[in-house]
Structure formats: C-alpha cells, structure tokens
Amino acid sequence: MSIKKIIIVLAIAAVIAAYFIFDLGQYLSLDALKNSRESIQAYYQSNQSLFIGIFFAIYVAVAALSLPGAAILTLGAGAIFGLGMGLLIVSFASTIGATLAFLISRTLLRDSINSKFGKQLSTINAGIEKEGAFYLFTLRLIPIIPFFVINLVFGLTKLKTFTFYWVSQLGMLAGTAVFVNAGTQLAQIDSLAGVVSPKVLGSFVLLGLFPLITKKVIDMIKSRKVYKGYKKPKSFDYNLVAIGGGSAGLVTSYIGAAVKAKVALIERHKMGGDCLNTGCVPSKALIRSAKFKQQLSEAEKYGFEQASAKFEFKNVMNRVHNVIKKIEPHDSIERYSELGVNCITGEAKILSPWEVEVDGKVITTKNIVVATGARPFVPPIKGLDKIDYLTSDNVWSLTELPKRLLVLGGGPIGCELSQSFNRLGSQVIQVEMMPKIMIREDAEIADMVTQKFIKEGIDLKVNHKAVEFIQENGQNILICETTDTNETVKVEFDQVLVAIGRKPNTQGFGLEELGIDFRPNGTIEVNDFLQTKYPNIYACGDVTGPYQFTHTAAHQAWYCAVNALFGRFKKFKVDYSIIPWATFTDPEVARVGLNEQDAKQQGIPYEVTTFGIDDLDRAIAEGADYGVVKVLTVPGKDKILGVTLVGEHSG
C-alpha cells in the first residue's frame, strides 16, 4: 500500500474511532435534535455564517465517512434553516460528502478489486461508460437503497468524478427536499419512519422505476423507428436465414435446425468457408508435409545416419486438396440438408429486415444472421497490381514451388506459410514493417520463433516497410524503407505472397442500402447480443470480429442462433472472457487470456512464472526440448490471468 493510501486510511480510522469513543452519535439522534433545537436556533441567529460553515463541514464529514446521522442532519437543516436555505445547504453538503466517499472508495479499493475481478468488472465498466449517469440517477431516486452503498460501489467503476457529482446532486434532490421539508415540522415527528412512510417509500420506488420504464419505452420506439419504411410480412418462410456457409453460418444453421426451427443457409461459392477451403485445413495439411521433410533433414538427432525423400511439389499440393476433399462432407450441403437446413446456393441480397433475395427469388424470414466472413486484405502498394501476387486464397493453386518467395506480413498466416515454403525448398524472404513478427505476442515469445526461422534459413526483415514493386532487367523487385534507419532496401523475388491481414466481406448484398453501421476497421458494428441496428439482423464471425478465428466464429454463432430464436424470452451477451488461439509455426505458439504486453496495456497487475520446456523429460525424449510455459497470475494469488505456451504441440 502506498504512503498516500496509508495516510488516508489512518485519518479515516482516527475520525471513525473518535466518533464511537466519544459517543458523538448521541448528538445525531432525533431526541437530541428536538431537545436542543431552541438553543441551536439561538446560536444560529447570533452566528449565522459560522454556524452554517460548521453544519456544512459536519454534514460533509458524516456523508464522506458513511457515518450514521445524515438523515437527522437533514431534518435539522429544515428545522433550523427552513425549507429554502436548508435544501440549498444539504443539497451541496450531501453531494460533496458523497463524492468524497466515491473518491475514497476509488483510491483505496478500486485497484485491488480490479486486480481480482477485472474481467467480471469489464462488462460493468463498459455499461457504466455508456449509461452510467442514467443508472446512477435512477438509484439516487430510490432512498430505500442506502446512498453510502451507491457511493462506494460507483467508486469502483470508471465513472467520471464530475458526472458522479452532478448526477448525484440532481438525483438526491427530491429525497432531500422531503426530509428537509419534514424537518420544518420537527415537533410533529416521532420517528424517522414517520418521515419515510411506506406510502412515501412506494412513491419514491415508482419515481425510481419511471426512468427505467421510460428507457424501455424509448428503446421500443427506437426499435420501431429503424423499421420505418419497411413492411413486415404477415407470414414468414423461415425463422432464421444465415448468409454465408463458413464456420459461423454452419453453426448458426446447425443450432437452429437442432431446435426444429425453419432455417435456410445461403452460400454463393463453397460450403465450409475459408477454414475448409483456403485457411485452417489446407494450411495445416501443408504444415504437416513441410514438417515431415524437416524431420528427415534432422535424422541424426533421432539416431539415424541420414534420411531423405524425393518429392514433387505438385504432389504435396495434391495431398492438401485431398485432405480438403476428405473433410468436405462434414460441411456439405448433403449433411446439412439431412439435419433439416434448407441449403441454397446463390447470391444473397438483403432487401429489408425480413426479406432476402437469392438469384431473383425473395424469401421471408423472422431473423437474419450475416456470416459472410472475410478475405485477404491487399494493400495499395504501388506496382503491386502489376504483379501476379498470391494470397491465402489462391496460393493453394500453385503446382510449382517458387524459387524465391517474398512473404509480406509477420502475422500468423505469414509466419506459418513462410516456414512451410522454406522447409519445402523455397528461398523465403519475409518482410514485416513492425519491430518483430507475431506482434501480438510478448517480445521473448516472438524472439523464440524468430531465432528458429533464422536458424532454418528464412531471410527475416523486420522494420521494413514495403514501398513499391518494380521490375529491373526482368527481375521482380520490392523497394523497402527501414522504419528505424530510413534506409532504402531492394529485395529480389520470383513470387510474392501477401499476408498482412483480412478484410470483412460487407459489400454487395444489401447492408449499405439498409444503413447498417460499420466500425472504422470495416467490420459490422453489433451490440453485446450481436445485433445490428436492426434487432432481428445479427452478425457473427470474421465479418464482425473482434477475433478472426474459426472457433470464435462458432462461439459467436451460438449466441446469434439462441438470441435470434429465443431472444423475446431471454437474451445472452456474448462472452469473450476466455478465447484461445494458436499459431502453428515450429515451435507452435498458443495462448489463452492475457500476456504481459496485454496486462501492461490494460494496467492489470500481474506476476510471471515460467518453466523452460528444455527441462521437461518428455520434450527431451521427443527431441523437442525447445520452448517455454509462461503463466501470468494475480500478485500473491494463484488465480491465472493468462498462459502462453511455446513448443511442440502447444496448440
């Protein structure tokens, strides 16, 4: 604990101790107020300014330290100062005291509470950021909820201090006025229960509920407003239509069919989406073949004098396509048709919130799920359009191994394919504009992969920004600028693979015409329930993010299907608290939860524990004793914040 916090704790403890040791509470009772009312008023008449200052300070202290007696002081303000002046004094004193209690809670408790319950509080803080003032105002209107509890709880959130102050003053005004006005008739009050009768309490509860009811009504009006201009069909062909036959669309359809809903799945090209056809499946098949060849080259490590294999690159690629064909039935039209999904092949266009056109035929549906995925992002680098470049979409059509392969990008796709092609015999030059590859991983984690890449012969160029593609003397050349020294570097290559990210598929099927909102990165904007601005149009998978992983798309699809079909009874907020991912380089890098750079960016305290895989018996026996287990925990606790694994089979 810091010196500042220690001083605050000691000061508060001293004041509270004095309050109870000297029994100061006896002066803050209804009987004491009645008995001393005349003498207090006499002192006030002769020393008005001084008395107001003393009363104000006492009230602020009582409220700030959450001591009993605020209600009696409020009655006293009415009895001594009258309604107008009493309301003015108490309104400011109570609000200042509440704000001090808010700040004390924030200073002493927020960091420790966040370190223990940061993930749970993240959702609350997100809500507070959007509508914190509204909920604070509503709670202030209901005096049955102790105000000191509100002060302490909101101190743990990220609500701005000034917002807390003015909303509190406004929200407490009605209750304060009731108590101050009652104080003007002090002689008639026998107990606090007489001030806050069940009838009065009921009125305040209704007053507090009124903003919530109003908000619900406004939400309903807004919901109807977005549909203005669209005619809702009297009957529907389907309960749910999913657009896109990748992981997100398939899982959405599967769940819908499982609960016997009428579901249609529209796919314009190939079922299975990127994962099956151009992503997870082909890349892992290629990685396996490349790894086999690498293991042959390391035969001595396993006790063999030598080992080698002759191969044709086209046969390796044939194996990749055979793997795709073997898995295809899992995602096929035939399988999903048997499950009860109406699979439609064609171009979809959303005409209205309830109508989708497919190749000229209009179908109606109660809900729409947009699961159109993403495609490789091709940057506007000068001269790139004049080169027959590769992406993760078309690299699988290669039948000849590139002699010199330039890979743009140091993310998971770029790293996996760089190592695979290098192991199969290409001379790989990997260019990344950032200071390291695998930018989302901690520096020493990325460095483990970097060292392996360099050892295997990949020409890794970090801090290199691609500027222009040119041709000189029949040679393809990339001109780069180093981002740390501003030098110009020329890189010769035969073919280039662009792997610097993915762009969501959002255009050409009606989203723009409906006025669907997009984020700055181009993904569809959705709320916590994965709804767009139209409550019955949902989005999941790569087209909305925030994580562009196949398993995350499937994870989101559950929420889309359940919320779409059962949302009128119960809706579920999508939960991203534990999202795992892996990069299938050698060594593999796998992670769940926070790493160090995430924790630092989010200001979350942590402790690090590491275990070198080079000390693991099984890894040594396998000849794979390279890597690390890195665990982040809450300081002084065994609660895990995140784990990063580097090594064989980490994924």
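In the predicted model, D359 is an exposed residue with a relative accessible area of 54%, and its place is in the loop between β5 (355–358) and β6 (361–370). The backbone of D359 has a phi near 50 degrees, a positive value in a residue other than glycine. A positive phi is also found at K260, where the angle is about 65 degrees although K260 is not a glycine. K260 belongs to the loop between α11 (247–258) and β2 (263–267), and with a relative accessible area of 74% K260 counts as exposed, because the cut-off for this class is over 50%.

Two cis peptide bonds were examined next. The bond that joins G545 and P546 is cis, with an omega of about 5 degrees, and P546 lies in the loop between β16 (537–539) and α19. The peptide bond from D586 to P587 is likewise cis, with omega near 10 degrees; P587 is placed in the loop between β17 (580–583) and β18 (588–593). D586 also takes part in a network of salt bridges in which R423, K452, E456 and D586 are linked.

The loop between β16 and α19, which holds P546, also contains D542, whose side chain meets that of R502 in a salt bridge with an N to O distance of 3.9 Å. Because R502 lies in strand β15 (residues 502–504) whereas D542 lies in the loop, this pair ties together parts that are 40 residues apart in sequence. D542 is buried, with a relative accessible area of 14%.

Side chains of opposite charge can pair when their charged atoms come close. With pairing taken as a side-chain nitrogen of Lys or Arg within 4 Å of a carboxyl oxygen of Asp or Glu, the count comes to 21 salt bridges. Among them is the pair formed by the side chains of R404 and E492, with an N to O distance of 3.2 Å. This pair links distant parts of the chain, since R404 is in strand β8 (residues 404–408) and E492 is in strand β13 (residues 488–493), 88 residues apart. The two partners fall into separate accessibility classes: R404, at 14% relative accessibility, counts as buried, whereas E492, at 41%, counts as partly exposed. A further salt bridge is made by the side chains of E298 and K301, with an N to O distance of 3.4 Å. Here E298 is partly exposed, with a relative accessible area of 24%, and K301 is also partly exposed, with a relative accessible area of 48%.

A negative surface patch is formed by D614, D615, D617 and D625. Of these residues, D617 lies in helix α21 (residues 617–622) and counts as exposed, at 63% relative accessibility. A nonpolar surface patch of about 460 Å² is made by M85, L88, F92, I96, L100 and L103. L88, one of the residues of this nonpolar patch, belongs to helix α5 (residues 70–108) and is partly exposed, with a relative accessible area of 46%.

In helix α7 (residues 147–155), the buried residues are I150, N151, F154 and G155. Seen down the axis of α7, these buried residues fall within an arc of 125 degrees, so they line one face of the helix. In helix α19 (residues 550–566), L565 is buried, with a relative accessible area of 17%, because burial is assigned under 20%. The C-alpha atoms of L565 and Q601, which are 36 residues apart along the chain, are separated by 38 Å.

Conventions:
Residues numbered from 1 in each chain as written. Predicted model: local features only at pLDDT ≥ 70, side-chain atom pairs only at ≥ 80, totals over all residues. Heavy atoms only, no water. Patch = residues over 30% accessible without salt bridge, like charges linked within 9 Å, V, L, I, M, F, W, Y side chains within 5 Å. Areas by Shrake-Rupley, 256 points an atom, 1.4 Å probe, with all protein chains shown as cover. Lys, Arg positive; Asp, Glu negative; His and termini not counted. Charge placed at Lys NZ, Arg CZ, Asp CG, Glu CD. Helix = DSSP H or I, 4+ residues; strand = E, 2+ residues; numbered from the N terminus. Buried < 20%, exposed > 50% of the residue type's maximum accessible area, 1.4 Å probe, protein only. Arc of directions from axis to C-beta.
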